[in-house]
Amino acid sequence: MNLHPQFIRQDGAEEYAILPIEEFRALTEVLEDYQDIQDLRSAKRAEATQTSTSLSDVISEFDLR
């Protein structure tokens, strides 16, 4: 992704960056996707030690056939 920021200086130092709206939206989407991946990995780690039940066992247990 290529970004084309414009910088605003204050007291001789760069204080703010401004992006074209399309670049801002694309960057926001990438960051949201990254957060989703982090959340998924965290959930997988949290449930790694949990027991699971197979679909066939659930079907049998609830007499769904």
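**Notebook: a walk through the model**

**Entry 1**
Helices (H or I, at least four residues) and strands (E, at least two) are DSSP runs, numbered from the N terminus. I noted that this is a predicted model, in which local features need pLDDT of at least 70 and side-chain atom pairs count only at pLDDT 80 or more, while totals for chains, interfaces and linings use all residues. Residues are numbered from 1 along each chain as its sequence is written, and side-chain values use heavy atoms, with hydrogens and water left out.

Is Ile21 buried, partly exposed or exposed? Ile21 counts as partly exposed because its relative accessibility is 41%. My cut-offs are under 20% relative accessible area for buried, over 50% for exposed, and partly exposed in between (1.4 Å probe, protein chains only). I also looked up how far Ile21 lies from Ile8: they are 13 residues apart along the chain, and their C-alpha atoms are separated by 17 Å.

Next came Pro20, which I found in the loop between β2 and α1. Its relative accessibility is 32%, so Pro20 counts as partly exposed. From the C-alpha atom of Pro20 to that of Gln10, 10 residues away along the chain, I read 21 Å.

**Entry 1: Glu23**
I moved on to Glu23, which sits in helix α1, residues 21-46. A salt bridge is a side-chain nitrogen of Lys or Arg within 4 Å of a carboxyl oxygen of Asp or Glu.

I did find a polar contact of 2.5 Å between the side chains of Glu23 and His4. That term means a pair of N or O atoms within 3.5 Å; within protein, one must be able to donate a hydrogen and the other to accept it, and residues adjacent in sequence count only if both atoms are side-chain atoms. With neighbours within four places in sequence set aside, I listed Asn2, Leu3 and His4 as being in contact with Glu23 (heavy atoms within 4.5 Å).

**Entry 2: Leu3**
Leu3 came up in that list, and I found Leu3 in the segment before β1 (6-10). Leu3 counts as partly exposed because its relative accessibility is 38%.

**Entry 3: Arg9 and its partner**
How many salt bridges does the structure hold? I counted 1. Glu14 forms a salt bridge with Arg9, and their closest N and O atoms are 3.9 Å apart. I wrote a reminder beside it: side chains of opposite charge can pair when their charged atoms come close. Glu14 has a relative accessible area of 49%, so Glu14 is partly exposed. Arg9 has 54%, so Arg9 is exposed.

I found Arg9 in strand β1. Beyond neighbours within four places in sequence, Arg9 is in contact with Glu14 and Glu15. A polar atom of the Arg9 side chain also lies 2.6 Å from the backbone oxygen of Gly12.

**Entry 4: two positive phi angles**
Asp11 has a phi near 55°, and I found Asp11 in the loop between β1 and β2 (13-18). At 79% relative accessibility, Asp11 counts as exposed.

Asp63 is not a glycine either, and its phi is positive, at about 50°. I found Asp63 in the segment after α2 (55-61). With a relative accessible area of 63%, Asp63 is exposed.
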